[in-house]
Each structure stands twice: as structure tokens, then as C-alpha cells.
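Please look through the structure shown below before reading on.

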Amino acid sequence: MSHASPAPAGLRVFLTGASSGLGQAFARHYAGRGANLGLVARRGEALAAFAAELPGEHLPLPADVGDAGALAAAAEAYLTRFGVPDIVIANAGVSVGTLTECSEDLPAFERVMRTNVNGMVASFQPFVEAMRRRGSGRLVGIASVAGIRGLPGAGAYSASKAAAIAYLESLRVELRGSGVRVVTLAPGYIATPMTAVNKYPMPFMLQADEAARRMAKLIDAGRGYAVVPWQMGVVARVLRALPNPVFDALFARAGRKPRGLPL
């Protein structure tokens, strides 16, 4: 793969899901650190407007992470402009309530898995070999505490995040010793448009900018796996340890995310 000489740069960051929520918070954080950002999101106009507000030089890249070809083209554009990124954050994700018995939810299952799992793979793929050759970099996957146990009414989302956690672990082992760190971040509740529709209690919720700040520290440290905030890490450990009958009884009547949300 050949590219034009990249522009001089400091930190280089390629970020998906950049037009809202946690993605915007990551973008603000890294722009504030002088990074050159590749900002990927589906909404081109909103993405361009947001990129123009940030300090520094950035490249808005309208693309759907569920379209591997479009994502590869976005990655090529970033490589040509800025060179091999130091950090790739696969942050794009979608969430909607789903029920297996409802045939109308089958497209939602497919969309959630395509975005949250396949989209993560496609976000990393264009950069892995170049990072390996250089001997450094961070591949960061945004998973979720919802991937620790299957939550009722959220079969698609929980399954996608569980798959993301397992995929990232596989990738971490594959790249062991290469100098490329794979970082799995499993956030709890973050105040974003994704959580704004939830009608149930969301303990230990973080504002998006604070969540991004905490996660960036973990990315800098190259942590293999972390739950943010730490209180949700305690919850995650408890959930893992619960016997199935106890877990089932506790969560059978848990609050459920609305079905039929736009994806």
C-alpha cells in the first residue's frame, strides 16, 4: 500500500462513532492534546460541522462502519493525509431493545451485530499490519458491561458486546510481543443519546467528557482490559460470580431498553 507523504503530525488518532456522545467526547479530548484526528461517522454534515469546531487539523470521514469497503476507503484517506495512527478507537455502536420471538426484530439483531462486532473488526483491519511493522500503537475497542451477562430485552446488544470482548481478547493475544497494544474498555452508563431513552435507573453514570478523560488514561497506559467507572467493575465481578438461578431471579424483571428505535 503506497501513500503520499503524510503531513507533519503529533499524536494521530482514528476514531469511529465520532459525531455524537462518547465519540465527540473522545474527539474533544484528543483535539485538546493536539492530535490529528480521523473522524468517522454516518452523518456527514454533522460530522463536518463538529470537526470544524475542534482546534487543530482533522479529517472528517463520512462512512458507516457496517460497510467494510467504505471504512477501508476512510482508512486509506487518513493514511494518505496523516500516516499510520498511534491510536485507533473503535467506538461506533448502536443499541436497541430486542425480543427473539418478534420477527420484526430480526433486522435489528443483524444491524447491531454488524455495527458493534463486524464494524470493530473493519475499523482495525486497515491499520494492523502497518502498526505491527512500526512496532507500536493502540487498538482500542469500546465494549460494555452489558457484555458480561445477557440482559433481558437486550439480547442483540449484550451478545454484540460479549462478542466484542472475546474478539478483542483474541486480537490481544495475536499481537502479543508486537508492540501493538489492544485495549478493551467496558463502560457502564454514560450520559449520551444512547442512554437518554432508558427509563430505568442507571447507577454510577458518568458524563461523556469525564468518561473519555478516564478512558484516555487507560489507553495511554495500554491497559488490556478495564471497566469504567471502577464501581461498575465491582458490579461486573459480582455479576460474573452469580449462579444462574440467582442471576435469573434478580434480572427477570429488570428495566428494558425500548424496542423499535432507529438504527
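## Helix α1

The buried residues of helix α1 are Gly-21, Leu-22, Gly-23, Ala-25, Phe-26, Ala-27, Tyr-30 and Ala-31. The model is a predicted one, and every value given here is computed from it.

With twelve residues at 1.5 Å a residue, α1 should span 16 Å, and its end C-alpha atoms lie 17 Å apart, which agrees with that expectation. The helix is followed by Gly-34, a residue whose phi is positive, near 85°.

## Aromatic contacts

Counting rings whose centres lie within 6.5 Å of each other as a pair, the model has six aromatic pairs. In the pair formed by Phe-26 and Tyr-30, the ring centres are 6.4 Å apart and the planes meet at 20°, so this pair is stacked, given that planes under 30 degrees apart count as such. Phe-26 and Tyr-30 are four residues apart in helix α1, which covers residues 21-32, and they are therefore separated by about one helical turn. Phe-26 has a relative accessible area of 0% and is buried, and Tyr-30, with a relative accessible area of 1%, is buried as well.

Elsewhere in the model, Phe-14, Tyr-78, Phe-82 and Phe-127 come together as one aromatic cluster. A contact that involves a charge is found at Phe-247, where Arg-149 lies over the face of the ring, at 4.2 Å from the ring centre.

## Backbone features in two loops

The peptide bond that leads from Val-228 to Pro-229 is cis, its omega being near 0°. Pro-229 itself is placed in the loop between strand β9 (225-228) and helix α8 (230-241).

Is Phe-204 buried, exposed or partly exposed? With a relative accessible area of 40%, Phe-204 is partly exposed, because that class takes in values between the 20% limit for buried residues and the 50% limit for exposed ones.

## A nonpolar surface patch

Trp-230, Val-234 and Val-238 make a nonpolar surface patch of about 310 Å². Of these residues, Val-234 lies in helix α8, and at 35% relative accessibility Val-234 counts as partly exposed.

Definitions and conventions. Residues numbered from 1 in each chain as written. Predicted model: local features only at pLDDT ≥ 70, side-chain atom pairs only at ≥ 80, totals over all residues. Heavy atoms only, no water. Phe/Tyr/Trp six-rings, centres within 6.5 Å; stacked < 30°, edge-to-face > 60°. Buried < 20%, exposed > 50% of the residue type's maximum accessible area, 1.4 Å probe, protein only. Lys NZ or Arg CZ within 6 Å of the ring centre and 35° of its normal. Patch = residues over 30% accessible without salt bridge, like charges linked within 9 Å, V, L, I, M, F, W, Y side chains within 5 Å. Areas by Shrake-Rupley, 256 points an atom, 1.4 Å probe, with all protein chains shown as cover. Salt bridge = Lys/Arg side-chain N within 4 Å of Asp/Glu carboxyl O. Expected span 1.5 Å × (residues − 1).
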